[in-house]
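Visitor: Hi, could you walk me through this one? I'd like to go through the side chains with you.

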Amino acid sequence: MDPAVTQHHSRQVRHPLVFRRLQVREVIDLTPHMRRIVVGGPELEGFRSGAPDDHIKVFFPNPEGEYVTPTPGPDGPVFPEGKTPSPARDYTPRHYDPAAGTLAIDFVIHGDGPASNWAEQARAGDAFAFGGPRGSFVAADDFDHYVMVGDETALPAIARWLEEMPAGRKASVLIEIPEEADRQQLTTRADVSITWLPRNGADAATSQLLEEALAGVAPEGDTFWWIACESARARRMRVSLTGQRNVPKDWIRATGYWKHTS
């Protein structure tokens, strides 16, 4: 089909920015490198997440052990004066249950860092603070095929997307994980093929497993390509799709979920 005459309207939806204080309700070890934190509390009421790759900004205790979070201001979030702001990282809202009043967030356990360290030590009753999501990218639902490519940081978004896909939709999924034991049982009503790519000790920033697997994916018809992994790798795969396969830029969403620093 000629891309010039097709109509695939993906869209951005904005949400009011809300900061919330909650409590940890449950901690679940999913795999050796993935831990689910289920949070809840009265302030979760009214939470909205309109797309599988939404992100919320999760705040962690500052060096003094305090949660110092911002409030919305006319020019963006404003932190209280005289206090060290809490470090923050972006995470996928994995599953929101409005009836139970809970939100599940899956954390990659990867060693030193404010998020991973906090998640390793999290217990029921701990404080939890986050803001957002500020918006949602809603991919057009009329593509012939959907390709999802990501490492373990993208797994929560991929899992949620598959759960929300309707029957009859076609998708190909490539997931790079630290080791074989990090596979998860993913559920979907769609027609999906999933390829797991364990690194088995290889470096996540320089691995080529996703790139090599992506080269062999050739779906028929108009295809939406979703990529999320280390920033430089996501960028190179996007360039490969546009430059070598002539995929229209609007048919690709490539995001750096983390950035390698030497």
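Visitor: Which residue forms a salt bridge with Glu 152?

Guide: That is Arg 199, and the closest N and O atoms of the two are 2.7 Å apart. The pair links distant parts of the chain: Glu 152 is in the loop between β12 and α2, and Arg 199, 47 residues away, is in the loop between β14 and α3. Arg 199 is buried as well, with a relative accessible area of 9%.

Visitor: And which residues are joined into one network with them by salt bridges?

Guide: Salt bridges with shared partners bring Glu 152, Glu 176, Arg 199, Glu 211 and Arg 233 together in one network.

Visitor: How many salt bridges does the structure hold?

Guide: There are 13 salt bridges. One of them is between Asp 106 and Arg 94, where the closest N and O atoms are 3.7 Å apart. Asp 106 lies in strand β9 and Arg 94 in the loop between β7 and β8 (95–97), so this pair ties together parts 12 residues apart in sequence. Both Asp 106 and Arg 94 are buried.

Visitor: What else does Arg 94 form a salt bridge with?

Guide: Arg 94 also forms a salt bridge with Glu 163, with the closest N and O atoms 2.8 Å apart. Glu 163 belongs to helix α2, so here the pair ties together parts that are 69 residues apart in sequence. Arg 94 has a relative accessibility of 6%, while Glu 163 is partly exposed with a relative accessible area of 33%.

Visitor: Why is helix α2 described as largely enclosed by the rest of the structure?

Guide: Helix α2 spans residues 155–164, and eight of its 10 residues are buried, so the rest of the structure largely encloses it. Among the buried ones are Arg 160, Trp 161 and Leu 162.

Visitor: Gly 132, okay. What kind of peptide bond joins Gly 132 and Pro 133?

Guide: A cis one, with omega at about 0°. Pro 133 is in the loop between β10 (127–131) and β11 (135–138).

Visitor: Which residue has a positive phi of about 50° although it is not a glycine?

Guide: That is Asn 200, which is in the loop between β14 (191–198) and α3 (209–215). Asn 200 is exposed, with a relative accessible area of 59%. Asn 246 is another non-glycine with a positive phi, of about 60°, and Asn 246 is exposed too, at 61% relative accessible area.

Visitor: Now the aromatics. How many aromatic pairs are there?

Guide: The count comes to 19. Take Phe 107 and Trp 118: their ring centres are 5.7 Å apart and the planes are at 45°, so the pair is tilted. Phe 107 is in strand β9 and Trp 118 in helix α1 (residues 114–121), so the pair ties together parts 11 residues apart in sequence. Both Phe 107 and Trp 118 are buried.

Visitor: Which residues form an aromatic cluster with those two?

Guide: The cluster holds Phe 47, Phe 60, Tyr 91, Tyr 96, Phe 107, Trp 118, Phe 128 and Phe 130.

Visitor: Last one: what is the mean pLDDT of the protein chain?

Guide: It is 95, and 98% of the residues reach 70 or more. Over residues 1–5, though, the pLDDT is below 50, and this stretch has four contacts in the model beyond near neighbours in sequence. Where pLDDT is low, the predicted coordinates should not be read in detail.

Notes: Residues are numbered from 1 along each chain as its sequence is written. This is a predicted model: local features need pLDDT of at least 70, side-chain atom pairs count only at pLDDT 80 or more; totals for chains, interfaces and linings use all residues. Side-chain values use heavy atoms; hydrogens and water are left out. Buried means under 20% relative accessible area, exposed over 50%, partly exposed in between (1.4 Å probe, protein chains only). Helices (H or I, at least four residues) and strands (E, at least two) are DSSP runs, numbered from the N terminus. Rings of Phe, Tyr and Trp (its six-membered ring) pair if their centres lie within 6.5 Å; planes under 30 degrees apart count as stacked, over 60 as edge-to-face and the rest as tilted. pLDDT is the predictor's confidence in each residue, from 0 to 100. Contact means heavy atoms within 4.5 Å. A salt bridge is a side-chain nitrogen of Lys or Arg within 4 Å of a carboxyl oxygen of Asp or Glu.
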